[in-house]
Amino acid sequence: MTAPENVLQRRALSVLQPSGTPVFLFTVTAAELLEVADISRISRDEEGQLIGYQRPEVRRHVNQIVEYLDGDSVLFPHAVIVALPSTVKFRQSRGPGTHDGLAAAGTLEIPLPKPGEPRPGWLVDGQQRALALARTKRQDLPVPVTAFIADDIEVQRDQFLRVNNVQPLPRGLVTELLPEVWTSLSPKMSAKRIPSALVDLLNRQPASPFHGLIKRASTPETEKTQAVVTDTVLVSAIEESLNSSAGALYPYRNMATAETDIDGIYRLLLCYWRAVRATFPDAWGLPPTQSRLMHGTGLRAMARLMDRVMLTIDPTHKDAEEAVRRELDKIAQHCRWTTGEWDDLSVAWDALQNIQRDIRMLSNYLVRLYIQESQKARS
């Protein structure tokens, strides 16, 4: 049977999964791969919704693959994983021996796009191999493909995270993808999903002091000069407060039902960090090289101070933010975010590094100072 001009027809095996979703095993040439599947790099649309999920191209790695593919002896056994649309058709072959109880043999028909139209599939795994295949001189090289049907990009993201769980992805990419994936994840990934979703809210909501200041994997190059805070720093800070019994965010988790009061946590974060911005206006929003408050060390230390300050303040009270400011004023005169040397630490303001030792040193200093000044105020 001759395939229509706008359809790619390939012999394939269909392997039915326990979920009822078939996985297709077939082969395309190097030239055909990027006609069938596109690379979805992470970005956001005009409404701020996350689109895509692939990590940025690693040029050196791609060049190494191209060099190998252009060599004399080529073995390319690693399949790329592709998400295909439901417009794909699988026609099982007739006759005996076409199904062995595990897989059925047949023909897969993939509709090809017209000029200017998007490609039907998305690469879930094998981005750099696909880029190398597009550049190799061997455009007729057979490429193994594993494909599944998924029109829903959330399913594609879910599979992307699972496939890449063995070979670690850039942490910022993972934390930005997690809030968009609502299927069942591993306990480790699920634990990071709520902090990442909160960081996303802090970055996108105009009422947030962090609005537009957080650097995420999808942040366009044109906006990266304004985005001065690394998202993983805030994710780690929120995660720590949620998981520590002494954390200000810990009471917002119901350990019995595994439910979390996201609204309550967000209200507390807004209240505290707005007060931080108001207390240190000259240090807020600057690049970390100009302000250690916006540096990983300063943010983590102030987040640990939050665990002390917010335990006695109700963020729903109308004067809560002003109450936080009064508490922060107790330590404000001792802070050296942009100039000078930290009292008692004998450390220049810009000598603090984003390492556990310095984070612990500054955190302990601020908490100790806050306790001392609070005791003085009561006496």
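Predicted model: local features only at pLDDT ≥ 70, side-chain atom pairs only at ≥ 80, totals over all residues.

Biologist: What volume does the largest cavity have?

Modeller: A cavity here is a set of points on a 1 Å grid over the protein atoms alone where a 1.4 Å probe fits but cannot get out; points are joined across faces, edges and corners, and the volume is the space filled by probe spheres set on them. A search of the whole structure finds one cavity of 30 Å³ or more. The volume of the largest cavity is about 60 Å³.

Biologist: Which element gives the most to the lining of the largest cavity?

Modeller: The lining, meaning residues with an atom within 4 Å of a point, consists of L202, L234, A237, I238, L249, L269, W273, A303 and M306. Two or more of these residues come from each of α7 (231–243), α8 (262–279) and α9 (296–309), where helices (H or I, at least four residues) and strands (E, at least two) are DSSP runs numbered from the N terminus. The largest contribution, three residues, is that of α7.

Biologist: How many nonpolar residues does the lining of the largest cavity have?

Modeller: In this classification Ala, Val, Leu, Ile, Met, Phe, Trp, Tyr, Cys and Pro are nonpolar, Asp, Glu, Lys and Arg are charged, and the others, Gly among them, are polar. The lining has no polar and no charged residues, and its nonpolar residues number nine.

Biologist: Which residues have the most contacts inside the largest nonpolar core?

Modeller: A nonpolar core is a set of buried Ala, Val, Leu, Ile, Met, Phe, Trp, Tyr and Cys residues joined through side-chain atoms within 4.5 Å, with buried meaning under 20% relative accessible area, exposed over 50% and partly exposed in between (1.4 Å probe, protein chains only). The largest such core has 60 residues, and α8 gives the most to this core, with ten residues.

Biologist: Why is helix α3 described as largely enclosed by the rest of the structure?

Modeller: The buried residues of α3 are Q127, Q128, R129, A130, L131, A132 and L133. Helix α3 covers residues 127–135, and it counts as largely enclosed because, of its nine residues, the number buried is seven.

Biologist: Which residue forms a salt bridge with K330?

Modeller: A salt bridge is a side-chain nitrogen of Lys or Arg within 4 Å of a carboxyl oxygen of Asp or Glu, and the structure holds ten of them. The closest N and O atoms are 3.0 Å apart, and the partner of K330 is E327.

Biologist: How far apart in space are K330 and E373?

Modeller: K330 also touches Y370, E373 and S374, not counting residues up to four places away in sequence. K330 and E373 are 43 residues apart in sequence, yet their C-alpha to C-alpha separation is 6.0 Å.

Biologist: In the salt bridge of E373 and K376, which residue counts as exposed?

Modeller: The side chains of E373 and K376 meet at 3.5 Å, N to O, and the two are three residues apart in helix α11, about one helical turn. E373 is buried, with a relative accessible area of 17%. At 55% relative accessibility, the exposed residue is K376.

Biologist: What value is phi of D344 near?

Modeller: D344 lies in the loop between β15 (341–342) and β16 (347–348) and is exposed, with a relative accessible area of 71%. In that loop also lies S346, whose phi is positive, near 55 degrees. Most residues other than glycine have a negative phi. For D344, phi is likewise positive, near 70 degrees.

Note on methods: Residues numbered from 1 in each chain as written. Heavy atoms only, no water. 1 Å grid on protein atoms, 1.4 Å probe; cavity = no way out; pocket = protein on both sides within 12 Å on 5 of 7 lines; lining within 4 Å. Contact = heavy atoms within 4.5 Å.
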